[in-house]
Every structure is written in C-alpha cells, then in structure tokens.
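Hello,

Here is the structure I promised to pass on. Please have a look at it first; my notes follow below.

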Amino acid sequence: MRPITLISILGSTLDASPYGPARWQKWRPSVGICMHEELRVDRFLMIHDTAHRRLAEFVSADIASVSPETTVERHAINFKNPWDFEEVYGKLLDFARAQKLDPEAEDYLIHITTGTHVAQICLYLLTEARYLPGRLLQTQPKRGIPDAAGDWSVIDLDLSRYDSIATRFAKESAESTSFLKSGIETRSRAFNTLIDEIEQVASRTRAPILLMGPTGAGKSQLARRIFELKKLKHQVNGPLVEVNCATLRGDSAMSALFGHKRGSFTGASADRPGLLRAADGGLLFLDEIGELGLDEQAMILRAIEDKRFLPVGADREVHSDFQLIAGTNRDLAQSVAQGRFRDDLYARLNLWTFSLPGLAARREDIAPNLDYELDHYAAREGTRVTFNKEARERYLAFAMSHDATWSGNFRDLAASVTRMATFSPKGRIDSDVVATEITRLQRVWTGSTTPTDDLADILSAEELDGLDPFDRVQLAYVVATCRTSPSLSEAGRKLFAASRTKRASVNDADRLRKYLGRFGITWDQLAV
C-alpha cells in the first residue's frame, strides 16, 4: 500500500478549541481525520495563515499525540484577502507547483472541508486541473453523537469511475456526436471514429481546427454543426462568421478580413470593422484557407496567437477573441513546400487536423444520407417525396457500386435527390425516374456531352439495367446520331464512315438496322 499524503488548510474556526481536556470532546477536522484506523495519513501538508502560527503548532502537536506515524509539514501562506479569488488561487497554485508531488509513489488526498469557501473552490479547481494530482477528501462531524473523529469520504474526480455519471456522460457524448452528424445514422466505422474525435476536441478546446477533404465532403456543414454544438454548451457567445477565401482577391481581401479605417484607400468612405472583428466571442470559419495570399496568412497567424491585428490604414491594433476553423481541399503540406502557404501558420493549424473522406469512400453511408436528403427536401419545399421499393433498391445498387464515382460528393447526392423529387410530382420516385437520373449522373461524371439519357425514352428500366456500361455508351451515341439524321441510310453513313470504305459491298442502312434490332429498337422509334 502506497503512503498517503494529506493536503489541507488549517481551519481557523473549526480547528480552534480550548486548550484543556475538553478539546477532545469536540470534532476538529484536521485532528479528527488522523484518528481513523482505516485511513492512515503518513504525511500532512498543513497550509495556514501566518497569523495562525500558534494554532498550527498546537494542532500539529495534537495530531502527533493521536497519530505518531503522521509527519506534519506546516506551510505558512499569508492571504491579504482570503476572499479574493485571484489572490487565493494564485498563491495555492504557487504552493502546488513548489511541492515535489509524485502520484506514482504516493496517494494524495486534498481536504476541502476547512478554509474559506473561496479556498475550497480553488483546491477543487487545482485538483481538477491535476496541479494537485489526487482525490478530494470531505469530513464532517457525526450527527447526534459526540465524537472527535467524525466521518470522512473520498471523491475521485475521475467521473468515469461512477457508473451512473459515466452513463450520463456517455449519453451526452453520443448525443453530441449525433448532433455533429445532423442525426444521420452513419455506418462507416472510420467516419464515426473521426466524428467522435472531433466532438471531443470541439467540446474541450478553443484551439484552431483544420478540416481537410475534397469539395463537397461536408466541411462547411460540419463547421456549422460544431458552432451550434458549442453554442448549446454555452462555450461561445458570439456569432458564426463564414468566409470563402477563394472569393477574396487583391487589396479587398485585407479590408474584408481585417477591416479598414475611413480614407485609408480610394473608396474607403467609412470605417469597416472586418470579418475577424465580427467573429469576436464566436467562431470564424475560413473555408478554402489555402487560397489566401501570404500577407493575409501572416496577419491571420497574428490574430490567432495574440487575438490582435491591425486594420488597413489604422495606427492602433484591435482585439478579437474567436475560435478558428479552417477548411481546405488542398494538400497544405505540399503548398508549404511550394512556397504558397506559410509553414508557421500551417504548424499552428496542424494541431487538430481532420481529413473528411469523400462519399465514394463511405458507400455504406449512402442509404442514411439518402434519407436525410429526402427529409431536407421535404423541409425546404414543403412536400414529402419517397421512393417505391424497386426504385430505391435500384438507385442504391447503382449509388453503392463502383460505377458511381461521386466526384462532387454530397453535393452530387443532394442535387440528385432534388432532381428525382422534382420529376416525381405525385410524391413517388419510380424506376423510370431513377433510370433517367442514373444516366444523367454518368454523363456528369464522365464529362460527356452525349445525351445518353435519351435511352430512357426507348428502353425500359429493366432493359437499361441489363446493358453493360460499354454497350450503353455505344448505344447512346448511335441513338443520338440517328435522331439527328434525316434517314436510316444517312445515319449509317455517319456511323460506319471508316469501315464502309474497306467493304466491296456497302449497305449501311441494313447494318444499322441489325445493330438496333439487337436491342429491340426500330428506326421508326428514332426517326426525326
């Protein structure tokens, strides 16, 4: 069993007593705690005011008489005003730092029964912050029983040790994590772990946070949710200020970010506070921070570290205390190597860096996000739209396949849902709507200008599903050519322009008719 060191403030009232035998009939906290057989105090660090030196000596002698194995070390601290929080905390902090406390070798109990309420609060805070690496000790007299020893209890500030409290904390953390995910029941284990980490950082620190990831991965939305979470926890009292740095160019960038004084440049007809000052007390989200110029980066760094910066044309610095969240789709480390981004700013931002994966890396999360986008559409447009069973299965089969690149990430998904909902005026998205949307997405992702969605007009959803991507692209081009040609023969000449020169007998119309027949398509269906 490791030795126990008790840290306690001498109670100028509770520990005081007549000097005769009657004192042993009274509960005195500093003496009583050393009278328990089940709690052996090996070392007693007694803090007392210089005015109570004689009382400290007297109580130390009584402790020695009831617990000879306890070594009492008296530490005189003169509090000019024992109710001044700043003074009491500062002097107790100096005391804690001066002690050679080794929690690996000793157990520490911090007694919070004696001293002023201010002193008790300060001891609690120092213990919570681990300047005093121990557990709290509370003592009290026994009710209705004259007993000099009294009762005692130990409180461990590691709240995870208390099942009911730990359960509440776990529930609160889960609720915060769900809040950051907009309530979406995501299934990606890697993404859920990432959000758990962001929740802990967002709740416990005001240091800058860097969100990296491709365009459309959800950086802006996550930054807004972090702000709302901090607001719910009363950790910010200012606004959220969002800035897309890609829109800031030239001299106007300095003015927009840091403000300017009237007359500082042509057109500056009035003072402008700037976006950094607008974020005072709140959160500043600098999206695409990699687009800022080097001069702006230098001033941003100063504003982060010192909470001060100089507006354009001003001769006095201004103050703004905000938390920064930066977003970028660039590789900032590479930008630093290329001289396009300041290494000192990158080092400051890189303390908490989180890389958000694109939608293609989270295919298991497409289904819950699809439901979220449908709910979002309903809230925005006031109309509830749903899939029929076959259409939903078909859309998800495509969306979760490797044919779906999701190059625009969640923006692509949101746009896709909006289109399908818009083309479903009766409130049900069917297979034909899904087939048209799949074709449209493929065209967007391949960059093709060929109207491949024309196939949905002549083939059923089942027939389209049975086509290989190669045949689908080829057939779409053939159909588009036919629809812009006056005759079957003319379309054939365009489509077989190279191979027809190598044939002795040419019948382009017949070749084209047979090709279309493989898919059950006739010229009459395509004729202009």
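Predicted model: local features only at pLDDT ≥ 70, side-chain atom pairs only at ≥ 80, totals over all residues.

The largest pocket holds about 670 Å³ of space. Its lining is made up of 34 residues, and those closest to the centre are Gly216, Ala217, Gly218, Gln221 and Phe410. At least two residues each come from α6 (189–204), α7 (219–232), α13 (366–381) and α15 (410–422).

Now to the strands. Start with β4, which spans residues 107–111. Is it enclosed or open? Of its five residues, four are buried, so strand β4 is largely enclosed by the rest of the structure. Buried here means under 20% relative accessible area.

Which strands pair with β4? One is β1 (residues 4–9), which is parallel to β4 and joined to it by four bridges. In that pairing, threonine 5 sits opposite tyrosine 108 of β4. Another is β5 (residues 135–140), which also runs parallel to β4, with three bridges between them. There, leucine 109 faces arginine 135 of β5. Between β4 and β5 the chain passes through helix α4 (residues 117–128), and this β-α-β crossover is right-handed.

Then turn to the largest pocket, where Phe410 is among the residues closest to the centre.

Best wishes

Notes. Residues numbered from 1 in each chain as written. Heavy atoms only, no water. Buried < 20%, exposed > 50% of the residue type's maximum accessible area, 1.4 Å probe, protein only. Pairing = 2+ DSSP bridges. Right-handed = clockwise from strand over helix to strand, strands pointing away. 1 Å grid on protein atoms, 1.4 Å probe; cavity = no way out; pocket = protein on both sides within 12 Å on 5 of 7 lines; lining within 4 Å. Points joined across faces, edges and corners; volume = space filled by probe spheres on them.
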